[in-house]
Amino acid sequence: MFEVQKDDFLISTDKSKLQIDVIHDYLCNRSYWAKGIPVEIVQRSIAHSIAFGVYHQQENTLTQIGFCRVTSDLATFAYLADVFVLEEYRGNGLSKFLVESVLKHPDLQGLRRWVLATWDAHGLYAQFGFEPLDKPEHFMQIKAVNPYGSFQL
């Protein structure tokens, strides 16, 4: 388990702390990339990833306010996905704190390549060394159109 504390905020990979209802609600209803995603798919994605919960600590209560996950072979490659901080907590540097913490995770050191996809957060990720693909023609994909029924990219 990996944990990092900053002021009243905690980032943890302890999956027992995750509040699936918060994660599912955000991904299903507020994200642009996973609209309509079933809770079962969210649970399976978490089970097969390193999941990072972002929590606000108040007294003895942990409230989940953010999340991301990394899919990796822990040797050469990592994919950063499902990154979010709830709207009411944005503007406090928590997205930076989250990405910085992910990149410091001991099991994710020395990888040959990190990738992610974003529509609107290029500036955030560029601060940590992410840049556009230098040879996008080398990458290929299989993309499901409308995988959850009601949304298309």
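Buried residues make up 39% of the 153 residues in this protein. Keep in mind as you look around that this is a predicted model.

**Overall build**

Let's start with the whole molecule. A compact globule of 153 residues would have a radius of gyration near 15 Å, and the protein has 15 Å, which agrees. Taken along the principal axes, the C-alpha atoms fill a box of roughly 50 × 40 × 30 Å. The accessible surface comes to about 9200 Å², and 50% of that belongs to carbon and sulfur atoms. Now think about how the chain meets itself: among contacts between residues at least 6 apart in sequence, 57% join residues at least 24 apart.

There are 4 helices and 6 strands to find. Reading from the N terminus, their order is β-β-α-α-β-β-β-α-β-α.

In what order do the strands of the open sheet lie? The order is 1-2-3-4-5-6, and the pairing is mixed. At the edges you will find strand 1 (3-6) and strand 6 (113-115), each of which pairs on one side only. On average, neighbouring strands of this sheet are turned by 20 degrees against each other, direction ignored.

Strand 1 and strand 2 (residues 9-12) pair in the antiparallel sense over 4 bridges. These two strands form a hairpin with 2 residues between them, and Asp 7 in the turn has a positive phi of about 55 degrees. You can trace the pairing residue by residue: Glu 3 stands opposite Ser 12, while Lys 6 stands opposite Phe 9. Strand 2 also runs antiparallel to strand 3 (residues 50-58), joined to it by 4 bridges. There, Leu 10 stands opposite Tyr 55.

Which way do the side chains of strand 2 point? Phe 9 and Ile 11 point one way, Leu 10 and Ser 12 point the other way, and all are buried.

**Helix 1 against the sheet**

Next, find helix 1 (residues 20-30), which lies across strand 4 (61-72) and strand 5 (77-85). Helix 1 runs at about 90 degrees to strand 5. Its buried residues are Val 22, Ile 23, His 24, Tyr 26, Leu 27 and Cys 28. They pack against helix 2 (39-47), strand 4 and strand 5.

**Aromatic pairs**

Finally, look at the rings. A pair of aromatic rings is described by the distance of the centres and the angle of the planes. Counting rings whose centres lie within 6.5 Å, the protein has 8 aromatic pairs. Here are two of them.

| Pair | Centre to centre | Angle between planes | Type |
|---|---|---|---|
| Phe 2 and Phe 52 | 6.4 Å | 75 degrees | edge-to-face |
| Phe 9 and Tyr 89 | 6.4 Å | 85 degrees | edge-to-face |

Phe 2 lies in the segment before strand 1 and Phe 52 in strand 3, so this pair ties together parts that are 50 residues apart in sequence. Both Phe 2 and Phe 52 are buried. Phe 9 lies in strand 2 and Tyr 89 in the loop between strand 5 and helix 3 (94-104), so their pair ties together parts that are 80 residues apart in sequence. Phe 9 and Tyr 89 are both buried as well.

Ring pairs also link Tyr 26, Tyr 32, Trp 33, Phe 67, Phe 84 and Trp 119 into a cluster.

How values were computed:
Residues numbered from 1 in each chain as written. Predicted model: local features only at pLDDT ≥ 70, side-chain atom pairs only at ≥ 80, totals over all residues. Heavy atoms only, no water. Pairing = 2+ DSSP bridges. Axes fitted to C-alpha atoms, helices over the stretch in contact; angles between N-to-C directions. Contact = heavy atoms within 4.5 Å. Rg over C-alpha atoms; globule rule 2.2 N^0.38 Å. Buried < 20%, exposed > 50% of the residue type's maximum accessible area, 1.4 Å probe, protein only. Areas by Shrake-Rupley, 256 points an atom, 1.4 Å probe, with all protein chains shown as cover. Phe/Tyr/Trp six-rings, centres within 6.5 Å; stacked < 30°, edge-to-face > 60°.
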